[in-house]
Amino acid sequence: MANNVVLLASSSQQAKKGDLNLFAFSDHEIMNQIYATHVHDDEKFDVESLFIVVENILKRATQVADNIVLGTQGTVEHLEEKTPKATFSAPLCTLKSISCEMQCKGTGEETAYKTTLSILNKLSNYSWDAKAVLTLAAFALDYGEFWLLAQSQSTDQLAKSVGTLKRVSVLLKRPTLQKHRQALIELNTVIKSTLEVIECIFELEKLSNYDTKDVPALSTGMDHIPVDVFWAIVTVVASTTQLCCLTSDDDKKQELSQFSQKLNVILTKLRRQITICRQQIEVTEAYWKLTKLFRTPTEIMEVFKGLIFSKDNAQPLMMVLPKSRLPLRPVYDSIKKDDQYKIVWIPIVDQWTDELQKKFEFLRSKMPWYVVQCFSPIAGIRFVKEKWNFKGKPSIVVLNPQGKVEHENAIHMIRVWGIKAFPFTTAKEETLSNDREWIGSIATNVHPNIDNFIKDQKYIFFYGGKDNEWIQQFTKRATVLANDATLKEARIAIELVCVGKGSKGEDNLGVLGRFWTGIESIFISKTHRKTDADSVTLEIQKLLSYKNESGWAVLSKGSNVVLSGHGTTILKVVEDFEKWKEFVREKGFEFTFKEYHNRVLHTAHICCRIDIPNTSGRIPENMKCPDCPRIMETYISFKCCHIDGAANGVH
């Protein structure tokens with residue numbers, strides 16, 4: 001590549017000669033310029049060993065400088081000495097070439113900028129971290145030698161003579177040293193900051209062995225490294241100029257305060273980025289450790305430790321056992337006497353705050369089972385989210401004593417069947433979800449006499465909807481049907497249960513929320529278990545599609561569902577009762593009702609829409625329409641009803 005230096009003008013104003021404002025450049029502008037100097041990472045050498053040597057030199061040199069300039073008594077013997085590889089050979093010619101490029105240059109930002117681009121052109125075939133380390137190493141050659149000679153002036157005649165050539169003696173004269181004291185302190189501070197910045201860049205490069213899919217923060221950090229390298233190199237160039245000015249006892253100085261401020265900003269950002277990367281790496285390593293552990297689990301406590309703690313020397317789990325009543329209480333009361341079964345709540349929190357800790361304490365006081373108290377994100381948070389499909393809503397994972405997963409989320413089966421679903425395994429769920437008598441479990445508590453209706457095997461119309469006028473019409477027509485003499489003579493008893501409406505027609509959001517949450521739960525249970533929808537699944541799917549319609553109804557005999565229908569079709573059937581009631585004695589009420597409803601259904605054109613919360617766990621990739629053989633189209637929608645709890649289910 002040609003060693004042409006293109007001078008970049010500030011975006012805010014065209015820079016005049018000698019008046020370039022380097023600190024007005026945006027990162028984007030700098031990136032465009034320095035990328036023109038970069039070919040690819042062809043040159044290979046032991047950059048890690050070179051950085052170790054540079055770090056050893058500068059840590060001791062800055063300590064010696066502090067001792068001489070500040071009069072401190074710090075020793076360099078206590079500083080850690082790192083050892084480069086035995087095979088390391090310093091790229092001396094390259095270092096001297098870079099040093100020559102930086103020496104005896106005029107002051108000012110424009111000169112520093114041009115020199116930096118020239119160095120980047122020289123190092124075009126090196127990686128970005130290597131460019132920074134090589135430039136700092138070239139500076140360390142001179143800075144380390146300067147303070148080594150300064151330290152030995154009074155005891156070594158050779159050092160004194162060489163120091164005379166290097167102008168060390170000029171700077172060490174007491175009047176000159178006092179005159180430049182503040183400038184030397186500032187220079188030493190800038191060098192320390194530059195070393196720290198390059199150390200952070202080097203550390204980010206080491207972390208780049210991880211996949212950015214596992215450590216997303218790496219992508220942000222690595223993308224910005226070229227700009228950070230630019231600022232490190234231009235600061236080294238400015239520092240070299242300042243050292244030349246000081247040793248010549250010239251009144252002209254290189255201003256370093258802005259460089260220092262810029263490096264401090266970069267250093268803060270890099271440290272934050274590295275911290276985030278380390279956290280994500282910790283989560284990733286815990287994820288793979290747990291993935292391996294769950295392939296062949298042997299003991300449940302090992303699984304718990306892996307889920308919660310990131311280190312092998314974890315402390316025993318801290319658990320509490322408060323007393324209160326919650327929806328899971330019946331399950332807890334049934335299993336608490338059996339030492340083989342325990343309930344443990346593990347809060348899944350990405351970042352704890354004071355407010356969340358207060359909420360945790362409140363919830364903990366309401367729970368009669370074990371609670372894990374760990375006010376930092378648990379080690380297995382990624383595993384829980386990806387493998388167990390946790391998406392922010394309560395989830396119940398069932399493990400056996402060996403730590404094997406018996407059910408990834410039993411909350412849906414518990415909501416529907418309660419303790420009847422014990423021991424909450426996938427096999428038990430399979431059995432329960434195949435039962436046609438599912439409406440009774442969902443409709444518990446929607447009517448005071450519901451258990452008696454089901455026990456007596458009565459026909460029951462469960463109905464509701466968004467439109468109160470439709471509800472009134474259906475109630476009126478269905479009441480006429482239920483009281484018809486023909487049905488009475490046939491000993492057909494029909495009860496009406498309006499779901500979620502009070503005596504004055506007001507919505508009971510608690511009942512509605514629990515009802516639709518139950519419908520969603522049984523639907524999710526069935527879709528998780530089967531690939532092909534059976535008749536029970538399709539009936540539940542139909543009902544779920546009516547959730548936000550003006551009206552809907554389910555006809556059951558006891559707890560056995562006969563059919564579910566959209567408000568338009570089901571009301572039409574009830575309104576036309578006189579047209580089909582004569583067939584009841586011959587064919588039976590149930591068969592006749594279904595037959596007439598199917599006829600009405602074929603004349604209607606009602607779109608089917610099913611909303612499945614994204615927090616439900618595994619979402620089916622596709623779904624067959626319950627009313628026709630087509631595959632339903634998929635849409636994504638976002639919703640917020642500004643409320644929490646069961647009432648949210650009705651909206």
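**Close-up views of a predicted model**

**View 1. Strand E8 (residues 552-557) and strand E9 run antiparallel and are joined by six bridges.** Strands are DSSP runs of E of at least two residues and helices are runs of H or I of at least four, both numbered from the N terminus, and two strands pair if DSSP finds at least two bridges between them. This is a predicted model, in which local features need pLDDT of at least 70 and side-chain atom pairs count only at pLDDT 80 or more, whereas totals for chains, interfaces and linings use all residues. Residues are numbered from 1 along each chain as its sequence is written, and side-chain values use heavy atoms, with hydrogens and water left out. Across the two strands, Lys 557 stands opposite Asn 560 of E9. E8 and E9 form a hairpin with two residues between them, and Gly 558 in the turn has a positive phi of about 65°. Because six of the seven residues of E9 (residues 560-566) are buried, this strand is largely enclosed by the rest of the structure; buried means under 20% relative accessible area, exposed over 50% and partly exposed in between, for a 1.4 Å probe and protein chains only.

**View 2. Helix H24 (residues 567-575) has buried residues, among them Gly 567, Thr 569 and Ile 570.** Leu 571, Val 573 and Val 574 of this helix are buried as well. The cover over the buried residues of H24 includes E8 and E9, together with helices H20 (468-482), H25 (577-580) and H27, where contact means heavy atoms within 4.5 Å.

**View 3. The largest cavity holds about 80 Å³ of space.** A cavity is a set of points on a 1 Å grid over the protein atoms alone where a 1.4 Å probe fits but cannot get out, and its lining residues have an atom within 4 Å of a point. Grid points are joined across faces, edges and corners, and the volume is the space filled by probe spheres set on them. The structure has three cavities of 30 Å³ or more. Of the 13 residues that line the largest one, Tyr 546, His 566, Ile 606, Cys 607 and Asp 627 lie nearest its centre. E9 and helix H27 (589-603) are the elements that give two or more residues to this lining. The lining of the largest cavity consists of five nonpolar, five polar and three charged residues.

**View 4. Ser 124 lies in the loop between helix H4 (109-122) and helix H5 (128-152).** With a relative accessibility of 7%, Ser 124 counts as buried. Apart from neighbours within four places in sequence, Ser 124 is in contact with Thr 37, His 38, Val 39, His 40 and Lys 131.

**View 5. Val 53 belongs to helix H2 (residues 47-70).** Val 53 is partly exposed, at a relative accessible area of 26%. Beyond its neighbours within four places in sequence, Val 53 is in contact with Pro 84 and Phe 88.

**View 6. Residues 1-18 have pLDDT below 50.** The pLDDT is the predictor's confidence in each residue, from 0 to 100. For the chain, the mean pLDDT is 80, and 87% of the residues reach 70 or more. Residues 1-18 have 39 contacts in the model beyond near neighbours in sequence. Over residues 313-326 pLDDT stays under 50, and the model has 38 contacts beyond four places in sequence for this stretch. Where pLDDT is low, the predicted coordinates should not be read in detail.

Definitions and conventions. 1 Å grid on protein atoms, 1.4 Å probe; cavity = no way out; pocket = protein on both sides within 12 Å on 5 of 7 lines; lining within 4 Å. Nonpolar A, V, L, I, M, F, W, Y, C, P; charged D, E, K, R; others polar.
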